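Thanks for asking me to look this one over.

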Amino acid sequence: MEWFRWQRNPWGQEILRGLSWDLVWLAIAAGLLFAVVHTLLYYWRWRLNTPAGMASKEDRTEVGGQVPERVPRHSLASRIFHWVMATSMLALLFTGFLPIFGLKFSWVTPHWISGLVLTGAILFHIIHASFWKGLASMWITLQDLRDGWLNLRQIVGLPDPAPGRTGKNPLENKLFHHVTSITTLAVIATGLLMMVKVDTPFWTRNPYLLPDDTWGVIYVLHGAASVAFITLIITHIYFAIRPEKRWITLSMIFGWIPRNRYLEHYDTERWPVTQQTVRRADRPLPKDG
Amino acid sequence: MEIKKEILELIFPKGTFEWFEITDGRSDEKNTCITLKGIRTQANGVEIGALTTLTEVINHPLIQSRYGLLAHAARRVASPQIRNQGTLGGNVSQDTRCWYYRAGMPCYRAGGNICYADTPTAANREHCLFGADRCVAVSPSDTAPALIALDAKFVIRSAKGERLVDAEEFFIGPSVDITRMTVLKPGDLLTAIRIPNTWAGARFYFEKVADRQVWDFPLVNVASAMRVENGVIKQARIVVSGVAPRPLRLKAVEDSVRGERLSEETAELAGKTAIWGAKPLNHNHFKIPLMKNLVRRAIRGA
């Protein structure tokens, strides 16, 4: 297996051509392996655990009375963003990779259009997250790290205190978000640069914006980010279809989670939800909520 | 390897191939050779074996009388010596003549990331006006536009069986597959080209403009087939080559002339319609008026 594709330019120099597409299979294998290992671990150990740090039911009845039946988790804007991003991302992967593996069709135009849709969605998300949702909700706090560490020890069976309940976004969600963000920004930045090489209604192509060896680096970065997306999307879809996670997946469609799930899985102080906050759902939530 | 004729007939339909046996002169081992050549009349037209030479196509009385467009186009291919050896299948399946690609540059078509012809200083006067998609090379075939105008079907065989592909769909641009010019994949064999009766005996026009009168590829060529009744164009198929990565059927022109009187005004309109949307490179602006005039002449001269 090779990591890169090389070529010899007209001046006889060995320059990068792009990422080796063998890595696509590695990415698929990594995603599937993760799913298999996670499934095995789940049925071996996690299934037997109570929800993290769960205190007695009695401790939460006082709080539970103030919590609405349906706890808002994702605003309409967030849900629309998620599904637009998901659709454009899948369109990008299919139009980008299917021709490489033999399914030939006119892929360039749908690919760059999907890329522009993704770019628009990400711009919207950055603005929405910065000024409406609040960036703090995705910051990794010391408590997240502490709980993550306890979680890891619990997985391997070490007798430690159970980790506390999480805020709105647990550590694994935040990590996935940040890795996906970096990968998305890399694929968008390189993709927009590559767009200058094709004609669009907005401009005429200019293949000579960069020298050929620099283009090679751009192609490697674009390919690496795209291949990483294969693994990321496999793992994301894996969690989305797991039975015990279905209520989270449904919240990305309907926008809310049931009260019992909220009380079972979340720290009501780190993600406070009351009738009042429901009425103010469009405003930024305090703390990491 | 010696193969019985009966086995060959399982692979290829009867009458679509000729076969003979040869030895290398040093042993008794026989090798069976097959040739997919010959011109055969069919119920709905004519079938030409892919290995039929261009000279045979040019001189065949049936082709001359009913499909003169193809005979005319084949007559303009390369030189007499090459036409004696070169085949119809080879002419439509040939690769592009882009200098950079042929010289071994690691361009898009060769699997790279760049087009060496699409630069302000590149030698790109032979390259495309339409359909550029990273690659700007053009289809070089003279017979291809004639076959598309005649609504021919290409017979392709592979291990999976036989399939028929419209001439228009046989050629693909870089947007679909930047490393190939036709739908032929490894394992595919173009065995024959079938021309239906649809356009037999129609009014034809073929003209090729090249830097030399012989032994040269087209800068632009045009092929047209028209049905004209009482001075009115009833049906038309017009195809140009040398201006796009694949032979370009001018459907907008066909629509614009259908039902119009065969006149200078119609020809002028056709020429103007043909070049709409052309995007010249730095050194091939001349192809725009050339193409416009060839299309105009195709209408006027048919």
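**Notes on the two chains**

1. Let's begin with a strand pairing in chain B: B:Phe204 has B:Ala225, in strand 9 of chain B, as its bridge partner. Please keep in mind throughout that this is a predicted model.

2. One opposite pair to look at is B:Val222 and B:Val240, the latter in strand 10 of chain B. The two strands form a hairpin with two residues between them, and B:Asn230 in that turn has a positive phi of about 50 degrees.

3. Is strand 9 (residues 220-229) of chain B largely enclosed or largely open? Seven of its 10 residues are buried, so the strand is largely enclosed by the rest of the structure. As a reminder, side chains in a regular strand alternate between the two faces of the sheet.

4. Apart from its neighbours within four places in sequence, its contacts include B:Val220, B:Asn221 and B:Val222, together with B:Pro145, B:Leu248 and B:Leu250. B:Met291, B:Leu294 and B:Val295 are also in contact with B:Val240.

5. The largest nonpolar core has 88 residues. B:Val240 and B:Val295 are among those with the most contacts inside it, as are B:Leu69, B:Leu70, B:Leu147 and B:Leu150. Helix 12 (residues 287-301) of chain B supplies the largest share of this core, six residues. A second, separate core has 13 residues, including A:Leu23, A:Ala121, A:Phe229 and A:Ile230.

6. Two loop residues in chain B deserve a look at their backbone angles. B:Ala78, in the loop between helix 4 (68-75) and helix 5 (80-85) of chain B, has a positive phi of about 45 degrees although it is not a glycine. B:Asp151, in the loop between helix 8 (143-149) and strand 5 (153-158) of chain B, has a positive phi near 60 degrees. B:Ala78 counts as partly exposed, with 17 C-beta neighbours inside 10 Å, and B:Asp151 is partly exposed with 18.

7. Turning to chain A, you will find 10 helices and four strands. Of its 289 residues, 21% count as buried. Among contacts in chain A with a separation of 6 or more, 73% are between residues 24 or more positions apart.

8. Helix 3 (residues 76-97) of chain A passes a simple length check: its 22 residues should span 32 Å at 1.5 Å a residue, and the end C-alpha atoms are 31 Å apart, which agrees. Where do its buried residues lie, seen down the helix axis? They fall within an arc of 140 degrees, so they line one face of the helix. These buried residues are A:Ser88, A:Met89, A:Leu92, A:Thr95 and A:Gly96. Their cover includes helix 4 (108-133) and helix 7 (212-241) of chain A.

9. Finally, how many residues of each chain are in contact with the other? The answer is 14 residues of chain B and 19 of chain A. On the chain B side, six are nonpolar, four polar and four charged.

Note on methods:
Residues are numbered from 1 along each chain as its sequence is written. Chains are lettered from A and ligands numbered from 1 in the order in which they are written. This is a predicted model: local features need pLDDT of at least 70, side-chain atom pairs count only at pLDDT 80 or more; totals for chains, interfaces and linings use all residues. A residue is buried if 20 or more other C-beta atoms lie within 10 Å of its own, exposed if 12 or fewer, and partly exposed in between; C-beta atoms are placed from the backbone. A nonpolar core is a set of buried Ala, Val, Leu, Ile, Met, Phe, Trp, Tyr and Cys residues joined through C-beta atoms within 7 Å. Two residues are in contact if their C-beta atoms, placed from the backbone, lie within 7 Å. The expected span of a helix is 1.5 Å times one less than its number of residues. The arc is that of the directions from the helix axis to the C-beta atoms. Ala, Val, Leu, Ile, Met, Phe, Trp, Tyr, Cys and Pro count as nonpolar, Asp, Glu, Lys and Arg as charged, and the others, Gly among them, as polar. Two strands pair if DSSP finds at least two bridges between them.
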